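Me: Got a structure to go through. Can you walk me over the charged side-chain contacts?

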Amino acid sequence: MRAQKISNQARLVALLAIPILACSRGEPETAYASSRTGRTAVASQGGGSKASEKGTALRLVLASSGNAARYRVREQLVGQNLPNDAVGETTKLTGAISIDAGGKIIRDASKFTVDAGSFVSDKNRRDGFVRGRLLEADEYPTIVFVPTSVSGVSLPLPTSGTRQIEMTGDLTVRGVTRPTIWKGAVEFNSGGLKGSASTAFTFDDIQMEQPRVPVLLSVADTIKLEIDFNLIPQR
């Protein structure tokens, strides 16, 4: 009985960490596919080998600045009158995207990675929960996104102006891979582009139980991930 009580207490602590994973200010449309997938090795994602880059008409890489990834979660805490968005952000991103002459993404030569242990919010305790309990950053050090298609962008790229985009791809978090849909906008400049995009999904989509604990009056059942990017042509 004592062992069971300790196990239940550990489970409660883990659930307390879950609310800080991102959710939008509103109620964004769920973008994850409904089918479940198991864990998969991050190393199996698209790499960008020289062989896979044959036929590339344009390759864009993340610049040294202007990039960020963040999560949001809307929660109502005991003792507070209004809901609160918990937000964590990191600028530790790397990656590139390759496009063929037909304007299609070359999957095997396109990949973006985020340092899972580098998210920072306004609470040190929250950051520790995210890195250790939730994302298990020691075992799964990166979050990986492999884009597969994009609409709203075609070759040759414009030299100015803005466009709405929609991008699909496989997102791997803590070894679990799922298809996602990202919506956003880009601004073109001198052969490159800057922009932002976001995706949304529920706790069930990532096989996590929505937290119901004493310190929380409510937690929205929606998680939101956002990315700001500054892509430049690879020289």
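**Salt bridges**

Reply: Glu 136 comes out partly exposed, at a relative accessible area of 25%. Keep in mind that this is a predicted model.

Me: Which side chain does Glu 136 meet in a salt bridge?

Reply: Arg 174, at 3.6 Å, N to O. Glu 136 sits in the loop between α2 (124-134) and β6 (142-151), and Arg 174 in the loop between β7 (162-173) and β8 (176-189), so the pair ties together parts 38 residues apart in sequence.

Me: And Arg 174, buried or exposed?

Reply: Buried, at 16% relative accessibility.

Me: How many salt bridges does the structure hold?

Reply: Seven.

Me: What about Asp 228, what does its side chain meet?

Reply: Arg 70, in a salt bridge at 2.6 Å, N to O. Asp 228 is in strand β11 (residues 223-233) and Arg 70 in strand β2 (residues 68-77), so this pair links parts 158 residues apart in sequence. Asp 228 counts as partly exposed at 24% relative accessibility. Arg 70 counts as buried at 11%.

Me: Next one. Where do Arg 72 and Glu 226 come in?

Reply: They form a salt bridge, with the closest N and O atoms 2.8 Å apart. Arg 72 lies in strand β2 and Glu 226 in strand β11, so the pair ties together parts 154 residues apart in sequence. Both residues are buried.

Me: Which residues are linked in a network of salt bridges?

Reply: Arg 70, Arg 72, Glu 89, Lys 224, Glu 226 and Asp 228.

Me: Why can such side chains pair at all?

Reply: Opposite charges can pair when the charged atoms come close.

Technical notes:
Residues are numbered from 1 along each chain as its sequence is written. This is a predicted model: local features need pLDDT of at least 70, side-chain atom pairs count only at pLDDT 80 or more; totals for chains, interfaces and linings use all residues. Side-chain values use heavy atoms; hydrogens and water are left out. A salt bridge is a side-chain nitrogen of Lys or Arg within 4 Å of a carboxyl oxygen of Asp or Glu. Helices (H or I, at least four residues) and strands (E, at least two) are DSSP runs, numbered from the N terminus. Buried means under 20% relative accessible area, exposed over 50%, partly exposed in between (1.4 Å probe, protein chains only).
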